[in-house]
Amino acid sequence: MGRVKLQIKKIENSTNRQVTFSKRRNGLIKKAYELSVLCDVDVALIMFSPSGRASIFSGSKSIEEIMARYINLPDHERGRYALSNFNVLINFFLYICLV
């Protein structure tokens with residue numbers, strides 16, 4: 001018997017939403033770790049829970065090193081995924097370093 005296909009939409013019940021986030025967060029962190037080890041890449045992952053708590057993961061290098069590397073990239077190397085408001089990223093990076 002196969003698995004049921006889930007419809008992707010917001011979970012309205014806040015308790016169920018938090019439980020789903022916690023389970024999927026752990027799975028996503030596991031995949032990020034596997035990617036960093038298997039492919040020898042730098043991975044930085046920042047997630048905010050529905051309640052506003054930050055979850056942070058970085059592979060072999062610290063998140064500060066990875067963020068600094070991204071911050072120091074020239075604009076053209078950030079490509080189409082460049083953040084529209086780069087100052088927000090810098091301020092968030094500084095906030096993480098101070099917490």
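Predicted model: local features only at pLDDT ≥ 70, side-chain atom pairs only at ≥ 80, totals over all residues.
Residues are numbered from 1 along each chain as its sequence is written. Local features need pLDDT of at least 70, side-chain atom pairs count only at pLDDT 80 or more, totals for linings use all residues, and side-chain values use heavy atoms, without hydrogens and water.

Start with Asp42 and Arg69. Their side chains meet in a salt bridge at 2.5 Å, N to O (a side-chain nitrogen of Lys or Arg within 4 Å of a carboxyl oxygen of Asp or Glu). Asp42 lies in the loop between α1 and β1 and Arg69 in helix α2, so the pair ties together parts that are 27 residues apart in sequence. Salt bridges that share partners join Asp42, Lys61 and Arg69 into one network.

The closest N and O atoms of Lys61 and Asp42 are 3.6 Å apart. Lys61 sits in the loop between β2 (54–58) and α2 (63–71).

Next, select Glu34 and Lys31, which form a salt bridge at 3.8 Å, N to O. Both lie in helix α1 (residues 14–38), 3 residues apart, about one turn of the helix. The whole structure has 3 salt bridges.

Finally, show Leu6, Phe21, Arg24 and Pro50, which are among the residues lining the largest pocket. A pocket here is an open set of points on a 1 Å grid over the protein atoms alone, where a 1.4 Å probe fits, with protein on both sides within 12 Å along at least five of seven lines; lining residues have an atom within 4 Å of a point. The lining divides into 5 nonpolar, 2 polar and 4 charged residues.

Technical notes: Nonpolar A, V, L, I, M, F, W, Y, C, P; charged D, E, K, R; others polar. Helix = DSSP H or I, 4+ residues; strand = E, 2+ residues; numbered from the N terminus.
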